[in-house]
Amino acid sequence: MDFESLKQECLACRKCGLCETRQNVVFGMGVSNAEVMFIGEGPGQNEDEQGLPFVGRSGKLLDQYLEAVDLFRDKNIFIANIVKCRPPKNRDPLPEEWAACMPWLQEQFELIRPKIVVCLGRIAAQRLIRSDLSVTKEHGQFFEKDGVLYMATLHPAALLRNPNNKPLAFADFIALREKIQEICDHTY
Ligand code: URA
């Protein structure tokens, strides 16, 4: 399957109850040959309205961190979420919702074949790295799984709530930059 066909199938998904309340499926955005992917938890209100990931206040903050280390949505990364439809009132996705949605992300991984996956916050980190991972204690560390490096960092929405942690997240992005220079090609 090619990337555009995958996107069209995903946009029509009705595999869980979130399809009843969503306005838009948020498939993800970026370049399909990205070596670095960022995975959040799920769309919020702005994302649901626009059909794009991280376009609200936390997205603006994320973009600042990205640009500081030469990463850009339209150039060299892909951003997606664990669930592609907004959970009502921004609650955590239910196990049956992320289980139903995970095959879409798996297909995205298989087509994009990233070298590095950055998990934004606990939900993504615990689904993709380890179910008992502590983002507070283990952010910024790289974990290898099946030839791909995974790192967790603090969710930008958590940084808006607790700006004292911004330097910690910035240090993670610097570590990411160093890893990219070590293992990714010259487009970075
Ligand atoms: N928070 C997320 O986890 N994902 C988004 O796309 C927006 C906010």
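Which helix gives the most to the lining of the largest pocket? I took this up first, bearing in mind that the model is predicted.

**Entry: the largest pocket.** I found that helix 8 gives the most to the lining, with four residues. The pocket holds about 700 Å³ of space. I listed 31 residues that line the largest pocket, and the closest to its centre are Glu41, His155, Ala157, Ala158 and Arg161. I noted at least two lining residues from each of helix 3 (45-50), helix 4, helix 6 (122-128), helix 7 (135-138) and helix 8.

**Entry: helix 4.** I checked the length of helix 4 (residues 57-68): at 1.5 Å a residue its 12 residues should span 16 Å, and the end C-alpha atoms lie 17 Å apart, which agrees. I recorded Ser58, Gly59, Leu61, Leu62, Tyr65 and Leu66 as buried in helix 4. Viewed down the axis of helix 4, the buried residues fall within an arc of 160°, so they line one face of the helix. On the other side of helix 4, I found Arg57, Lys60 and Gln64 exposed. The buried residues of helix 4 pack against several elements, among them strand 2 (36-40), strand 3 (77-81) and helix 9 (166-183). Just after helix 4, Asp70 has a positive phi of about 65°.

**Entry: the nonpolar core.** I counted 58 residues in the largest nonpolar core; Val36, Phe38, Ile39, Leu71, Leu105, Leu128 and Leu176 have the most contacts inside it. Helix 5 (residues 95-112) supplies the largest share of this core, six residues. I then followed Leu176: leaving aside neighbours within four places in sequence, Leu176 is in contact with Val36, Phe38, Leu71, Ile116, Val118 and Phe142.

Key: Residues numbered from 1 in each chain as written. Predicted model: local features only at pLDDT ≥ 70, side-chain atom pairs only at ≥ 80, totals over all residues. Heavy atoms only, no water. Expected span 1.5 Å × (residues − 1). Buried < 20%, exposed > 50% of the residue type's maximum accessible area, 1.4 Å probe, protein only. Arc of directions from axis to C-beta. Contact = heavy atoms within 4.5 Å. Core = buried A, V, L, I, M, F, W, Y, C linked by side-chain atoms within 4.5 Å. 1 Å grid on protein atoms, 1.4 Å probe; cavity = no way out; pocket = protein on both sides within 12 Å on 5 of 7 lines; lining within 4 Å. Points joined across faces, edges and corners; volume = space filled by probe spheres on them.
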